[in-house]
Every structure is written in structure tokens, then in C-alpha cells.
Amino acid sequence: MDSPAIKVEGLSKRYRIGARLRQRNFREALTDAALAPLRRLKSFGRSSHREEDSIWALRQVSFEVRQGEVLGIIGPNGAGKTTLLKLLSRITDPTEGRAVLNGRVGSLLEVGTGFHSELTGWENIYLSGAILGMRKAEIDARFDQIVAFSGIEPFIDTPVKRYSHGMRVRLGFAVAAHLEPEILLVDEVLAVGDAAFKRKSLGKMGELQKGGRTVIFVSHNMASIKNLCTSCIALDKGRIMASGDVADTVQRYLQAFEPVGDAGSGGGFSFEVPRPEPAPEAYITRVELLDEDRAVARRLETRACFRARIHFRSEVASGRFSLRLSLQTLDGAPLILYDMEQTGGFHLACDPGDHFADVVMPELPLAAGHYVIGAAISVPHIRLLHNAERTGEIEVSARDAYGTGSPLSSQRCFVAVEHFWQVPDDDEGLREMGYGPKGSAGPADR
Amino acid sequence: MVASESTTARSEMPRVVIEPRKGWLPVNWQELWQHRELLYFLTWRDIKVRYKQTVLGVLWAILQPLMTMVVLTVIFKSLLGVDRRLMGSDGDGYPYAVFLFAGLLPWQFFAGALKRSSDSVVMSAPLTQKVYFPRLIIPMASVGAVLVDFALSLLVLVGLMLYYGIAPGLPILAIVPLALGMVVAALGVGALLSALNVAYRDFRYVVPFLVQIWFYATPLIWALNRVQGRWRLLVALNPMCGIVEGYRWAILSSAPPGWPLDSAALGVSVLSALCLFVVGLRYFRRVEGQFADII
């Protein structure tokens with residue numbers, strides 16, 4: 001077949017956002033509230049609205065995918081990756097442009113689409129299968145395979161609400177994996193489950209490709225993009241910034257989003273964040289890592305005390321803010337994403353000016369290697385104000401945290417937490433072996 | 001978006017074209033037909049979920065209309081004596097309970113379908129944001145699930161007719177086309193309300209009130225023959241008016257003194273139901289492309 005499986009021409013999507021936030025007095029707020037229904041009645045179903053009240057999530061995107069190709073889509077958060085998938089899977093309408101897809105389209109934007117927690121495993125297999133576009137006869141034919149793939153056979157008659165998260169994911173993926181459309185749109189679903197299940201899932205993706213299916217795959221994980229895709233598109237701010245060869249595109253993407261900061265001039269971990277334009281009501285100004293004397297740290301070690309100080313500036317009176325710290329691998333896989341509101345259970349109330357807050361981890365759970373640190377500030381539960389997610393690159397130095405003489409390195413794994421080994425002893429009980437929990441952590445000395 | 005799935009001659013590959021949606025779109029019946037199994041599964045889910053963890057289960061579908069009938073009979077017949085004024089005759093004739101139930105049968109379906117379908121699209125927000133299927137399936141499945149309840153409440157009707165010794169005549173067959181009419185009316189209004197509810201959650205508060213007003217506007221506790229001639233057609237603009245009267249005719253016409261069929265009123269109601277159907281489904285189609293964005 002010579003015509004491409006997917007042909008996208010000038011696809012654009014504009015989202016309306018509320019009018020720009022500004023200080024209002026009570027009378028204005030009241031009139032606004034009173035007029036809101038009228039305004040909304042007038043605007044429903046019409047796409048004409050003022051330019052400043054809307055953002056282009058996707059702008060003039062064009063590409064073609066040949067049959068049997070696996071196209072990877074990468075980009076920072078908010079680049080329009082998910083919007084593109086939503087347009088192609090017909091979940092939402094484009095504002096402009098056109099796309100033609102030749103073949104049955106299946107979209108996997110989440111695992112376990114359509115699951116109902118009151119229903120049992122097998123009931124959900126039928127329900128989810130039908131929602132994803134399978135015919136009943138197809139589900140009948142593959143039912144046993146789906147159950148076997150999920151590995152939750154004993155619980156198939158149990159309501160899904162009694163499943164663990166892992167079991168739900170397995171069942172959801174098992175249904176999705178047996179979907180056989182000509183075109184498959186996948187969003188990061190592989191980033192779930194344990195290692196064995198991930199291998200199984202990746203294997204299934206490989207099979208799909210060999211079967212001549214056309215796949216569009218959105219991911220943050222550069223490794224799986226490199227493994228699975230035959231071509232790649234990098235999106236930034238709704239536009240295509242690079243495309244073509246996979247290794248090439250990934251390279252260009254990583255270069256463009258190279259961490260802004262560098263371990264400062266003094267050799268310590270202090271990262272200035274450029275002022276965002278236009279400036280929101282509050283924004284991150286600097287992220288520093290401090291040592292035990294509260295001076296800028298020069299060295300970070302596995303499982304030693306870690307203190308990150310997030311500096312921010314507030315432009316408004318009595319603002320309520322929540323800070324966030326993130327640590328990612330160089331490939332962009334999130335390792336830590338701690339939000340003050342979510343993991344601390346509080347938020348800050350600040351007046352205009354410069355402020356800071358510290359995130360302290362008594363034992364940094366990262367193996368030796370390079371990571372990307374980021375910070376963000378938001379109005380709790382409402383919206384993100386400033387996301388400096390690639391503020392700087394930090395290096396965690398090797399430390400023999402487990403006292404064995406062979407420290408962990410990020411080449412083999414990223415996470416290093418307290419653990420110990422036990423082996424059966426003569427009394428048919430368990431006996432701790434090796435250095436055990438007491439000796440493992442050690443004082444955070446330097 | 002205009003999503004046309006036409007099968008090309010050279011291969012069996014469906015072709016999907018995605019474009020901005022402009023103006024009013026017709027309902028894509030072919031696509032709906034292709035998704036009939038999904039409609040079945042969603043209806044089945046609604047019913048399953050509704051009666052999960054209940055002791056009486058599907059029995060509720062029978063108990064609810066039965067209890068409503070008993071309550072209304074006690075109030076309007078035993079306490080207020082409405083029955084004698086309504087039927088006009090000297091008290092001989094069909095029992096008020098049967099008179100009531102003949103109307104409640106389609107009404108409870110209609111009211112239930114309105115309540116469930118108006119919430120349906122908002123309740124399926126997680127689905128509409130993650131997967132595509134013709135959105136009309138959602139309110140349709142809600143109406144479908146209520147239709148199953150309706151079928152079960154027909155058993156109550158059979159029981160009542162046996163108890164009061166009312167033999168069905170040929171008009172009883174009219175229940176089938178009348179049921180079709182009531183489904184058409186419910187789907188139209190249901191689709192309209194469900195779409196409006198997405199953009200304006202006000203409708204969450206409007207619907208219960210609407211149903212209550214509609215209850216009194218429909219000849220349920222009263223009969224259409226109490227309305228003077230020329231006003232009747234106005235009252236019959238309410239699609240449920242003609243349908244309810246139609247059910248009375250289908251059920252009671254064989255029992256003395258019979259029940260007249262006001263065919264003019266029925267005609268107006270059926271036309272009105274069809275109009276609501278077209279308007280409701282068209283409006284739904286017009287705004288469904290925005291559901292995922294504003295839900």
C-alpha cells in the first residue's frame with residue numbers, strides 16, 4: 001500500500017484558558033459572576049474568542065507515518081504530546097488542520113480504560129474490551145489469553161475494587177495488549193507494573209510492530225523510545241522542533257533541554273533560575289543544595305543527608321503557595337516528585353518579596369551518578385505557576401553506604417534505600433546476614 | 001470533527017478523517033450501528049452496577065413503581081376521593097389503581113430516563129477523556145438500562161390486570177409502538193439535557209425540578225378528558241401526554257366502560273416527541289466534540 005497509514009496536515013488545537021488573572025475588587029468580582037452565565041451562553045459552540053484568553057496546545061503540526069512504522073513522540077511537559085494523541089484518537093476536535101488515518105484505530109491513553117470497580121475481573125475484561133473497540137466475538141476468542149497474560153486468574157470473579165493497584169494495571173494492560181487495530185496510539189502505558197511485567201509488555205509492543213501495525217508512542221523514557229521506534233518527533237510548545245531519525249532526534253531534544261544551570265562557579269550546587277516571561281504571581285528564583293553547616297554543598301553522596309533550598313519570589317500580597325522538588329534521570333524519568341501540599345500537608349502564605357523553604361531528606365536515596373534537579377511553585381490544588389523542572393544537573397558521588405566496598409552506581413540502578421538480607425537458619429526461622437540495617441546507613445559524616 | 005468511516009473498495013480498511021467540526025451534523029447512524037455491542041455492554045454495566053450489593057436486586061425495578069402506585073392510590077383515591085370526580089361515572093368502572101398504573105408505566109420510564117441520561121455524560125468523564133466512541137452511546141445506554149426496568153414493571157401490570165380481572169383486548173398490542181414513542185421522547189430530551197449538563201452544571205438542579213413539573217403537566221393523576229376540547233392539543237404538546245393516554249387506551253379500552261383514544265392528541269404528542277428527538281440529538285452532535293475539553 002503506497003498511501004501512508006497516517007497523514008497529518010497542519011493540525012492545531014487551541015484551548016481556552018480563563019481570562020488572565022489580575023487583582024480584582026469585590027464589586028468587579030460580583031459583576032463578573034453575574035455576567036458569566038450570559039457570556040458563556042453566547043460562547044458555547046463557538047470557537048471565536050480573544051487570542052489572549054487561549055493557548056495553542058498544538059500548532060501547525062504535519063507529518064506522515066507509513067504502515068508498519070513506530071513513531072515516537074517526545075517533548076517536555078506541556079509540549080502537546082497528549083493533545084496530539086487525543087486529536088488522533090478523536091477524543092477532542094482539532095481547531096484547524098486535518099488528519100487521515102487508514103485503518104482501525106485503537107488508543108491506549110491509560111491502563112484499564114472503562115474499568116468499573118464494582119464489577120468483577122471478567123466483567124471488566126468484556127467492558128473494557130468493548131470500550132476500546134473490540135467486538136464481543138473477538139473478546140470471546142481471546143478471553144483465555146487475556147486472563148493468562150494478566151496472571152490474575154484466581155481473582156477473575158472478584159470485584160476489581162478489591163484488587164491491588166498492580167493487579168488492576170495487569171488486567172488493564174492484558175486487555176489492551178489483545179487489541180488488534182491497524183493503528184495503535186499509546187501514551188506511556190509501559191511505565192507501569194513491575195520489571196517482569198514491563199518486559200512482557202515491551203515484548204508485546206515488539207510483536208505488534210513485527211505484525212505490521214502502525215504505532216504512535218508517546219514517552220518520556222528515551223531508552224524505550226530508542227528501543228521501540230523507527231522514527232521520532234520532538235515537540236516543544238505545540239510545534240515540531242525536531243523529527244526524523246530516532247537517535248538524532250533524541251540527541252537534539254536532550255541538547256535543547258540541557259539543564260539550564262551548571263554547578264555554579266564556586267563548584268557548589270547552586271542554580272539560578274531565569275525569571276520567566278511573563279512573570280506569574282510567584283516564581284522560582286534559585287535552587288541550592290546545602291551541607292550540614294547550611295553552606296552551599298560541594299559534594300553529594302548516596303544516602304547522606306540532603307538539603308535542597310528552594311528560593312522563590314512572590315509578587316502578590318498574601319498568596320498561598322506550594323513548592324515542589326523533583327529529581328529526574330538524565331533521560332527525564334521522574335524519580336522524586338515531592339509537593340509540599342501533597343507530601344507535607346501544608347502550604348505557605350507569603351507577602352510580596354523573596355522567600356525560601358528547604359526540603360530535607362535524611363538519607364538521599366540515589367545511587368552514584370548524574371541527575372536533573374528541578375523545582376516548581378503552584379497555587380495549591382489550583383494551578384502551576386512556574387515549573388523549572390530542569391533547573392540543574394547534579395552529581396551524586398559514590399559512597400559505600402552499605403559498607404561492602406562496592407557502592408551502587410546509577411549505571412545499574414538509581415535508588416538506594418535501607419534494606420537487609422535474611423536467610424533461613426537452623427531453627428527454620430530467618431537470620432539476618434551481612435551488615436544488616438544497623439551498620440548500613442552509618443552517620444551522615446563527611 | 002467529521003469522522004467518516006467509509007470502506008474503500010480496494011481494501012477493507014476503514015478510513016478516518018479528522019477535521020474541525022462545523023455547524024450542525026446529522027446523526028451518524030451507521031457508526032452507531034457499528035458500535036451496537038458497546039451500547040449493549042454499557043447498558044449491561046449500568047444494570048449490573050445498579051443492583052450490585054443489594055439484597056433484593058432486580059426486584060427493586062418491580063417494587064418501585066408498585067410502591068409509587070400504592071402511595072398515589074391511597075392519597076388520591078382513599079384520602080381525596082379524586083377517582084369519582086375523574087372517572088365521572090358512578091364509581092363503577094376500572095379500579096383507580098389500574099388507571100394510575102397505566103400512566104405510571106411510561107411515566108416512570110420517562111422520568112428515570114431523564115434523570116439518568118442527563119447525568120450520564122458528566123459521569124463518564126473519565127471515559128470521554130481517554131477513548132473515542134460515538135458519544136451518543138452514553139445517554140442511549142442510560143435510557144437502555146431504564147428500559148430494562150420498564151420491561152420488568154410490565155410484570156406488575158400483568159399482575160394488576162389478573163388481580164382486577166381485566167382481560168386484555170387487541171389494543172394491548174399498541175403498547176409496543178407506544179413504547180417506541182416514549183423511548184424516542186426520552187432519548188431526545190435525555191440527549192439534550194446530558195449535553196447541556198456538560199457545559200452548565202446548573203442542569204443538575206434543573207432536572208429534578210423539571211421532572212416534578214412534568215409529572216403534573218402529564219395526565220397521570222388526572223385524565224385528559226378533564227381538559228376542554230381546544231386546550232387539549234396544547235396540553236398534548238407534552239409528548240408524554242399522548243403516550244400516557246395511549247397506554248390507558250391500550251390497557252383499559254377492553255374493560256367496561258372503555259377508554260376512548262384521543263387520536264388528535266396522540267398525533268400531536270408523537271410529532272412533538274419526534275421534534276424533541278431531532279433537536280436533542282442534533283444539539284448533542286453539535287457540542288459533543290467539546291465534551292472532552294470542558295467536562
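Reader: Let's begin with chain B. What share of its residues count as buried?
Author: Chain B has 295 residues, and 53% of them count as buried. Please keep in mind that this is a predicted model.

Reader: Noted! How many helices and strands are there in chain B?
Author: Chain B has 13 helices and 2 strands. Among its contacts with a separation of 6 or more, 78% are between residues 24 or more positions apart.

Reader: And what does the accessible surface of chain B come to?
Author: About 13600 Å², with 66% of that belonging to carbon and sulfur atoms.

Reader: Now chain A. What share of that one is buried?
Author: For chain A, 49% of the 446 residues count as buried. Its accessible surface comes to about 22000 Å², and carbon and sulfur atoms account for 50% of this area.

Reader: How many helices and strands does chain A have?
Author: The secondary structure of chain A comprises 10 helices and 21 strands. Of the contacts in chain A with a separation of 6 or more, 70% join residues 24 or more positions apart.

Reader: Which stretches of chain A have pLDDT under 50?
Author: The mean pLDDT of chain A is 82, and 85% of its residues reach 70 or more. Residues 261–266 of chain A stay under 50, and the model gives them 11 contacts beyond four places in sequence. Residues 436–446 of chain A are also below 50, with 24 contacts beyond near neighbours in sequence. Where pLDDT is low, the predicted coordinates should not be read in detail.

Reader: Is A:Cys229 buried or exposed?
Author: A:Cys229 counts as buried, because its relative accessibility is 9% and the cut-off for buried is under 20%. A:Cys350 is buried too, with a relative accessible area of 7%.

Reader: Let's do rings. How many aromatic pairs does the structure hold?
Author: There are 19 aromatic pairs over all chains. One of them is A:Phe312 with A:Phe321: the ring centres are 6.2 Å apart and the planes are at 70°, so this pair is edge-to-face. Both A:Phe312 and A:Phe321 are buried.

Reader: How about B:Trp107 and B:Phe110, what kind of pair is that?
Author: B:Trp107 and B:Phe110 make a tilted pair, because their planes are at 45°, with ring centres 5.8 Å apart. Both residues lie in helix 5 of chain B (residues 96–123), 3 residues apart, which is about one turn of the helix. B:Trp107 and B:Phe110 are both buried.

Reader: Which residues do ring pairs link into a cluster?
Author: The cluster has A:Trp122, A:Tyr126 and A:Phe143 from chain A, together with B:Tyr40, B:Phe41 and B:Trp44 from chain B.

Reader: Nice. Where does the charged end of A:Arg59 sit?
Author: Over the ring of A:Trp56, 3.9 Å from the ring centre. In chain B, the charged end of B:Arg36 sits over the ring of B:Trp33, 4.3 Å from its centre.

Reader: Last topic, the backbone. Which peptide bond is cis?
Author: The bond from A:Glu277 to A:Pro278 is cis, with omega near -10°. A:Pro278 is in the loop between strand 10 (270–272) and strand 11 (282–290) of chain A. Most residues other than glycine have a negative phi, and most peptide bonds are trans.

Reader: What is phi at A:Gln60 and at A:Arg303?
Author: A:Gln60 has a positive phi of about 50°, although it is not a glycine. For A:Arg303, phi is near 60°, again positive in a residue other than glycine.

Reader: Where do A:Gln60 and A:Arg303 lie in chain A?
Author: A:Gln60 lies in strand 2 (residues 54–65) of chain A and is partly exposed, with a relative accessible area of 45%. A:Arg303 lies in the loop between strand 12 (300–301) and strand 13 (306–314) of chain A, and A:Arg303 counts as buried at 1% relative accessibility.

Terms used. Residues are numbered from 1 along each chain as its sequence is written. Chains are lettered from A and ligands numbered from 1 in the order in which they are written. This is a predicted model: local features need pLDDT of at least 70, side-chain atom pairs count only at pLDDT 80 or more; totals for chains, interfaces and linings use all residues. Side-chain values use heavy atoms; hydrogens and water are left out. Buried means under 20% relative accessible area, exposed over 50%, partly exposed in between (1.4 Å probe, protein chains only). Rings of Phe, Tyr and Trp (its six-membered ring) pair if their centres lie within 6.5 Å; planes under 30 degrees apart count as stacked, over 60 as edge-to-face and the rest as tilted. Helices (H or I, at least four residues) and strands (E, at least two) are DSSP runs, numbered from the N terminus. A charge sits over a ring if NZ of Lys or CZ of Arg is within 6 Å of the ring centre and within 35 degrees of the ring normal. Contact means heavy atoms within 4.5 Å. Accessible areas come from the Shrake-Rupley method with a 1.4 Å probe; for residues, only the protein chains shown count as cover. pLDDT is the predictor's confidence in each residue, from 0 to 100.
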